[in-house]
Amino acid sequence: MKLAILGGGVMGEVFARAVTQKMFAPQDVVVLDRNANKLARIAEDTGVRTTQDMADLLDAEIVMLSIKPDNVSEVLAPFVAAQKSPLLISIVAGVSLESLAKTMPEGTPIVRVMTNTPSLIGEGMSALASNAHVSPAQQAQAEAIFSAVGQALVVPEKYMDAVTGLSGSGPGFFFIVVDAMIEAGVLQGLPRAIARQLVLQTMKGSALLMQESHRHPAELRDMVTSPGGTTIAGIQVMEEYKLRATLLKTVETATRRSQALGARLN
């Protein structure tokens with residue numbers, strides 16, 4: 001067995017599906033969860049093995065932790081009892097490398113990851129931080145797993161709270177902006193379906209343009225901002241209502257919340 005996924009929730013299922021499509025044979029992956037119905041669905045959809053017994057996972061080369069933070073010590077206790085030290089990959093929010101190390105045998109290689117919900121469609125953004133026991137080969141394995149659901153970026157652990165506030169929580173902020181723009185279109189008389197299509201393609205196209213052109217956002221903004229035109233008139237309102245300052249404060253607040261949660265858990 002190459003990969004064990006502890007937790008068959010949304011993200012656990014996403015990774016089970018992604019890695020069996022791009023990295024591992026289904027028989028080399030096992031998912032553990034307490035919910036038998038959930039396991040049956042995952043097995044049918046992905047072909048992976050499933051179990052409710054931790055003993056079935058102790059020989060895995062890689063263990064992905066996708067559970068609630070309060071259950072980490074309890075779930076990992078059998079690895080300590082058996083003195084097993086697989087590559088541990090945690091997507092549990094707020095739990096530090098140091099805290100994870102305390103729940104595993106000494107010298108266990110550990111990778112802490114903050115990913116986000118666009119992983120559901122293979123467009124996620126995942127930031128990885130590793131401890132000193134992770135070998136180059138194991139690091140490459142971890143990066144490959146998260147590249148299977150989007151992009152993977154290696155960062156120092158000290159950045160994880162900011163990553164959480166910006167990228168982990170970012171989809172929620174984005175959806176509010178998108179919803180507001182759709183409502184704005186409806187307010188101006190557009191049918192909702194048309195407003196939705198216009199906004200979604202505009203957002204998608206703008207993001208791809210910035211990504212592929214490698215230009216600064218301000219430069220791209222200037223390209224569409226004609227003197228005395230409609231865009232500059234709208235930007236003036238955004239500045240008057242402090243949209244930029246609101247977004248800065250939004251990410252700052254989410255980052256501080258991540259720090260607070262981490263302090264409670266670690």
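Q: What should I know before I start?
A: Residues are numbered from 1 along each chain as its sequence is written. This is a predicted model, where local features need pLDDT of at least 70 and side-chain atom pairs count only at pLDDT 80 or more, while totals for chains, interfaces and linings use all residues.

Q: What is a nonpolar core, and how many residues does the largest one have here?
A: In soluble globular proteins, nonpolar side chains tend to be buried together. A core here is a set of buried Ala, Val, Leu, Ile, Met, Phe, Trp, Tyr and Cys residues joined through side-chain atoms within 4.5 Å. Buried means under 20% relative accessible area, exposed over 50%, and partly exposed in between (1.4 Å probe, protein chains only). The largest core has 28 residues, and F15 and F146 are among those with the most contacts inside it.

Q: Which helix gives the most to this core?
A: Helices (H or I, at least four residues) and strands (E, at least two) are DSSP runs, numbered from the N terminus. Helix α1 gives the most, with six residues. There's also a second, separate core of 22 residues, which includes L57, L65, V72 and V75.

Q: How do I read an aromatic pair, and how many does the structure hold?
A: Rings of Phe, Tyr and Trp (its six-membered ring) pair if their centres lie within 6.5 Å; planes under 30 degrees apart count as stacked, over 60 as edge-to-face and the rest as tilted. The structure holds two such pairs. In one, F15 and F146 have ring centres 5.0 Å apart and planes at 65°, so they sit edge-to-face. That pair links distant parts of the chain, with F15 in α1 and F146 in α5, 131 residues apart. F15 is buried at 0% relative accessibility, and F146 is buried at 0% too.

Q: Are F174 and F175 buried or partly exposed?
A: F174 is partly exposed at 38%, and F175 is partly exposed at 49%.

Q: What does a contact look like, say for S66?
A: Contact means heavy atoms within 4.5 Å. Not counting residues up to four places away in sequence, S66 touches L6, G7, M11, G12 and I91. S66 lies in the loop between β4 and α3, and S66 is buried, with a relative accessible area of 16%.

Conventions
Side-chain values use heavy atoms; hydrogens and water are left out.
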